[in-house]
Amino acid sequence: MPPPTSQRRPGRMLVAALLAGTAACQGDAGSQGAGAPSSDAGAALAAEGTPAPRRPTRYYHLRRTDDGCELFWIDGDLVSASQAIVCPPDLQVGERVRLTGKTCMRESAQTPARAVPVVCPLPLMNMEKADRTPPDAGAPTDAGK
C-alpha cells in the first residue's frame, strides 16, 4: 500500500521526470542530423517566388513639444516633414505616441511609468492608412471612358 499523500516524497518524482526529459533531449539531438525538421520549416513551406512576410520599416509618431503636437514618420534614416495637429489631452510635453501594428504606445523619457498602451489618436491612424492605400485606390474602374 502506498504511503499517504502527506508522507510521499516529491523529490523522487521530480528526479524521474528530469531523467526522462534528459533522455528525450539526447534522443532528439542524435536524430537532428537524420532528417529532423529544422526551425525554418515555415519558411521552407512558403511557395517559391513569394516573399517572406516581414515587419514594416516605417514607424508613425505623434510628439508633444512646448509649441504643440506634431505628426511624422521614421523609416530607417528618413524622417518625414512634421505636420502640426491638435494635441491629445493626456499627452504631456516631451512624450510621444508611437503606432506599433494595431496598437499605440505612449513613450515618456521623463516618467517611464507613463509608457503604456493607449488608444491610438485618429490623425496617427489616418496617416498610416493613407500611406498604406495605393494612389489609384479611389479611381473609378472605367478610367474616364
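## Close-up views of a predicted model

**View 1. Surroundings of Glu 95 in the predicted model.** Apart from its neighbours within four places in sequence, Glu 95 is in contact with Leu 62, Arg 63, Arg 64, Asp 90, Arg 106, Glu 107, Ser 108 and Arg 114. The model is a predicted one, and in it Glu 95 belongs to strand β5. Because buried means under 20% relative accessible area, Glu 95, whose relative accessibility is 1%, counts as buried. The side chains of Glu 95 and Arg 114 are joined by a polar contact of 2.5 Å, and a polar atom of the Glu 95 side chain lies 3.0 Å from the backbone nitrogen of Gln 92.

**View 2. Glu 70 and its polar partners.** Glu 70 is part of strand β2, which spans residues 69-75, and with a relative accessibility of 18% it counts as buried. Two side chains make polar contacts with the side chain of Glu 70, namely that of Arg 63 at 2.4 Å and that of Ser 82 at 3.4 Å. When neighbours within four places in sequence are left aside, the residues in contact with Glu 70 are His 61, Leu 62, Arg 63, Thr 65, Ser 82 and Gln 83.

**View 3. Phe 72 and the residues it touches.** Phe 72 also has its place in strand β2, and its relative accessible area of 4% makes it buried. Not counting residues up to four places away in sequence, Phe 72 touches Tyr 59, Tyr 60, His 61, Arg 63, Val 79, Ser 80, Ala 81, Ser 82 and Met 127.

**View 4. Thr 103 in strand β6.** Thr 103 lies in the strand formed by residues 103-108, and at 40% relative accessibility it counts as partly exposed. Once residues up to four places away in sequence are set aside, Thr 103 touches Arg 98 and Cys 120.

**View 5. The largest pocket and its lining.** The largest pocket has a volume of about 340 Å³, and its lining is made up of 13 residues, of which Pro 56, Thr 57, Arg 58, Tyr 60 and Glu 128 lie nearest its centre. Two or more lining residues come from each of the elements β1 (58-64), β5 (95-100) and α3 (122-132). By residue class, the lining divides into six charged, four nonpolar and three polar residues.

**View 6. The whole protein, for orientation.** The protein contains three helices and seven strands, which follow one another along the sequence in the pattern α-α-β-β-β-β-β-β-β-α. Of its 145 residues, 18% count as buried, and its accessible surface comes to about 11,400 Å², with 59% of that surface belonging to carbon and sulfur atoms. Among the contacts between residues at least 6 apart in sequence, 35% join residues that are at least 24 apart.

Definitions and conventions
Residues are numbered from 1 along each chain as its sequence is written. This is a predicted model: local features need pLDDT of at least 70, side-chain atom pairs count only at pLDDT 80 or more; totals for chains, interfaces and linings use all residues. Side-chain values use heavy atoms; hydrogens and water are left out. Helices (H or I, at least four residues) and strands (E, at least two) are DSSP runs, numbered from the N terminus. Buried means under 20% relative accessible area, exposed over 50%, partly exposed in between (1.4 Å probe, protein chains only). Contact means heavy atoms within 4.5 Å. Accessible areas come from the Shrake-Rupley method with a 1.4 Å probe; for residues, only the protein chains shown count as cover. On a 1 Å grid over the protein atoms alone, a cavity is a set of points where a 1.4 Å probe fits but cannot get out, and a pocket is an open set with protein on both sides within 12 Å along at least five of seven lines; lining residues have an atom within 4 Å of a point. Grid points are joined across faces, edges and corners, and a volume is the space filled by probe spheres set on the points. Ala, Val, Leu, Ile, Met, Phe, Trp, Tyr, Cys and Pro count as nonpolar, Asp, Glu, Lys and Arg as charged, and the others, Gly among them, as polar. A polar contact is a pair of N or O atoms within 3.5 Å; within protein, one must be able to donate a hydrogen and the other to accept it, and residues adjacent in sequence count only if both atoms are side-chain atoms.
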